[in-house]
Amino acid sequence: MSGGGRRKAASRRVRPAKAPKPASRLPVDPGDGRPTIRRLRTQLARARKRIEELEASADTDFLLDIPNRRGFEREFHRAISYIKRYHASGALIVLDVDGLKPINDAFGHAAGDQVLKAIAATLVGQVRSSDLVGRLGGDEFAVLLWNLTEADARAKAASLEEAMDRLTFTFRGRPVTAGASAGVAVLGPHAEAGRALEEADSAMYVRKAQRRHET
């Protein structure tokens, strides 16, 4: 092939297409997602707070603003674990209001609620801030006391009974007293939560029978 033919053939060759230029990217602002993150964190904090409030309300007696049975037993089990681990000591006192049913029957449940509120406030005022007062249900209360000997625990139970006996109320112009009977279980390294509650409860019923015979 002549030189002229080679030049014509070369001119007919297809040149490779040029690669397209990449589309230019917009600059990314690293702060674009921050408002969303802040908003989500705020929502999460509110949700956690609401959960804590619901859990607290589930463990609190709505009338008396002290732990209910669920809340008290949860803290009591923790206390037993602490006592076992560190060989600490304590006492459980279970109290039952002696005259609540007659008050409810004669003056209505609003009067009974007033008695329960006064008893709860008195119990809280008679113990240390490290101790725990709870309502087990109805007219039954429990008190967890730390670092007491058996003699001290029984003396404390007697003083709580005296404080309950001193409470007086006036309904429809009539003076009324309620009183309470207390039973004690001493807590040591071998204590069991369920057994201690049963022991204090049984001792309370024995004491209630004694008080009935004393009147």
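Helix α7 covers residues 193-214 of this predicted model. At 1.5 Å a residue, its 22 residues should span 32 Å, and the end C-alpha atoms lie 31 Å apart, which agrees.

Which residues of α7 are buried? They are Ala193, Ala196, Leu197, Ala200, Met204, Lys208 and Arg211. Looking down the axis of α7, you will find these buried residues within an arc of 115 degrees, so they line one face of the helix. On the face of α7 turned away from the buried side sit the exposed residues Arg195, Glu198 and His213.

Now to the nonpolar cores. The largest has 35 residues, of which Ile93, Leu123, Phe141 and Val143 touch the most other members. Two or more residues come from each of β1, α4 (100-107), α5 (109-126), β3, α6, β4 (168-171) and β6. Helix α5 gives the most to this core, with seven residues.

Leaving aside residues up to four places away in sequence, Val143 touches Phe72, Ala91, Leu92, Ile93, Leu95, Leu123, Val127, Leu132, Val133 and Leu160. A second, separate core holds 21 residues, among them Leu132, Leu136, Leu187 and Ala196. Ala196 also belongs to the buried residues of α7, and Leu132 is one of the residues that Val143 touches.

Terms used
Residues are numbered from 1 along each chain as its sequence is written. This is a predicted model: local features need pLDDT of at least 70, side-chain atom pairs count only at pLDDT 80 or more; totals for chains, interfaces and linings use all residues. Side-chain values use heavy atoms; hydrogens and water are left out. Helices (H or I, at least four residues) and strands (E, at least two) are DSSP runs, numbered from the N terminus. The expected span of a helix is 1.5 Å times one less than its number of residues. Buried means under 20% relative accessible area, exposed over 50%, partly exposed in between (1.4 Å probe, protein chains only). The arc is that of the directions from the helix axis to the C-beta atoms. A nonpolar core is a set of buried Ala, Val, Leu, Ile, Met, Phe, Trp, Tyr and Cys residues joined through side-chain atoms within 4.5 Å. Contact means heavy atoms within 4.5 Å.
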